[in-house]
Amino acid sequence: MDTTASAPTRALATEAVHAGREDLADLGLHAVPLDLSTTYPSRDSRAEAARLDDFAVTGAALTGPPVYSRLDNPTVARFETALARLEGAESAVAFASGMAALTAALLARASMGLRHVVAVRPLYGCSDHLLTGGLIGTEVTWTDPAGISDAIRPDTGLVIVETPANPTLAEVDLRAVAHSCGEVPLVVDNTFATPVLQRPLESGARIVLHSATKYLGGHGDVLGGVIACDEEFARVLRKVRFATGGVLHPLAGYLLLRGLSTLPVRVTSASATAAALAERLAADPRVAKVHYPRIGGAMVAFEVQGDPHEVIAGVRLITPAVSLGSVDTLIQHPASISHRIVDEGDRRDSGVSDRLLRLSVGLEDVEDLWEDLDIALSAAERSRRPVTASR
Ligand SMILES: *Cc1c(COP(=O)(O)O)cnc(C)c1O
């Protein structure tokens with residue numbers, strides 16, 4: 001099903017509910033069909049051979065019936081169509097997780113001899129680790145946004161930024177960065193902003209990456225990743241996905257498509273609560289520093305005066321867990337969990353202080369959340385008192 005090119009431009013809230021589902025009424029269906037088949041019978045193996053040859057050469061999405069679910073799946077294809085539409089992209093390719101998506105993008109460029117990457121810290125901890133650790137032969141130059149053009153080499157395959165970044169919520173000027181990239185494709189990890197707040201392709205990025213596990217799924221019950229890009233790059237990604245097998249499970253595709261339908265209302269509502277909490281935290285003497293992005297969003301990062309571990313131990317309503325983007329509010333300590341795998345010096349240099357906490361605001365009432373934070377912040381303060389008293 002390809003409804004990307006011909007569809008009229010509609011508002012994001014409308015696309016969120018209808019994109020990838022336009023054919024359902026004609027099929028006599030309301031809910032999206034969940035196709036769990038791994039294989040698909042065909043009596044015409046000559047035709048199958050021709051279709052497989054075509055895929056091997058072009059990487060174009062198969063037309064006609066599916067063949068094998070590592071190649072394509074109709075439920076996942078609906079999610080891809082919808083996400084492409086929300087990001088204003090020609091195509092989207094879904095993967096088993098955000099990390100599988102990033103890996104595929106790196107391998108796609110490495111397959112053209114372009115193993116070098118220019119990246120700006122901070123990135124999500126495991127993204128940093130994948131680039132730095134040499135696991136798939138990537139070579140990385142870390143720089144700040146102003147240093148990007150100087151860091152680009154003839155073998156640079158990608159420039160990678162996150163904005164707002166995990167976990168500090170640091171922002172980069174996407175237009176300026178895209179300009180510095182010249183001909184090298186800019187990858188923007190848009191997991192935190194979602195297409196509700198930011199559509200990087202409109203600012204000159206060529207590739208948008210999501211950990212769909214977070215806001216796109218939105219309920220903490222599905223792992224997935226997706227890349228929105230032009231069809232030319234999507235074709236290489238599909239070949240990489242077919243060969244390496246990091247496919248999204250059809251049930252995950254179903255849940256992600258369902259998640260997209262409420263994405264605008266979830267992000268709008270949680271962002272309003274997050275902005276209110278950021279304001280209260282900024283005015284609180286128990287808090288040393290608050291990071292809240294200019295573009296808004298449902299993530300708040302803050303540094304406490306007391307022991308951050310006591311805040312994690314002290315919350316009762318808020319879920320003390322890594323990950324983000326769920327309907328419930330989550331809090332975690334990046335230096336212990338999401339960014340533990342990053343070298344300590346690199347972590348601190350990129351602004352991830354040991355006192356930093358990352359709050360993913362959900363859909364609860366703002367007063368209930370504040371009450372919980374208030375109690376936890378006081379617990380962290382009490383742990384500080386002996387130090388103050390001994391002076
Ligand atoms: C979680 C996350 C990832 C990795 O996604 P997984 O779905 O956990 O593999 C990548 N980027 C950002 C910004 C994330 O928050």
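Predicted model: local features only at pLDDT ≥ 70, side-chain atom pairs only at ≥ 80, totals over all residues.
## Ligand surroundings

Residues are numbered from 1 along each chain as its sequence is written, and side-chain values use heavy atoms, with hydrogens and water left out.

A polar side-chain atom of Asp-189 lies 2.7 Å from a nitrogen atom of the ligand, an N or O atom in the side chain of Ser-211 is 2.8 Å from a ligand oxygen, and a polar backbone atom of Met-99 is 2.9 Å from an oxygen atom of the ligand. Taken alone the ligand exposes 380 Å², of which the protein buries 93%, the areas coming from the Shrake-Rupley method with a 1.4 Å probe.

## The loop between β4 and α8

Helices and strands here are DSSP runs, of H or I over at least four residues and of E over at least two, numbered from the N terminus. Between β4 (156-162) and α8 (174-181) lies a loop that holds Pro-164, and Pro-167 lies in that loop as well. The peptide bond from Thr-163 to Pro-164 is cis, with omega near -15°, and the bond from Asn-166 to Pro-167 is also cis, with omega near 5°.

Leu-169, again in the loop between β4 and α8, has a positive phi near 65° although the residue is not a glycine. Leu-169 counts as buried because its relative accessibility is 6%, where buried means under 20% relative accessible area with a 1.4 Å probe and protein chains only.

His-339, in the loop between β11 (330-332) and α13 (344-349), counts as buried because its relative accessibility is 2%. Leaving aside residues up to four places away in sequence, His-339 touches Leu-123, Tyr-124, Gly-125, Asn-166, Pro-167, Pro-334 and Arg-347, a contact being heavy atoms within 4.5 Å.

Gly-125 belongs to helix α6 (residues 125-132), where Ser-127, Asp-128, Leu-130 and Leu-131 are buried along with Gly-125. The cover over the buried residues of α6 includes α5 (98-110), β2 (116-119), β3 (139-142) and β4. After α6 comes Gly-134, with a positive phi near 75°.

Technical notes: Buried < 20%, exposed > 50% of the residue type's maximum accessible area, 1.4 Å probe, protein only. Polar contact = N/O pair within 3.5 Å; in protein donor to acceptor, adjacent residues only side chain to side chain.
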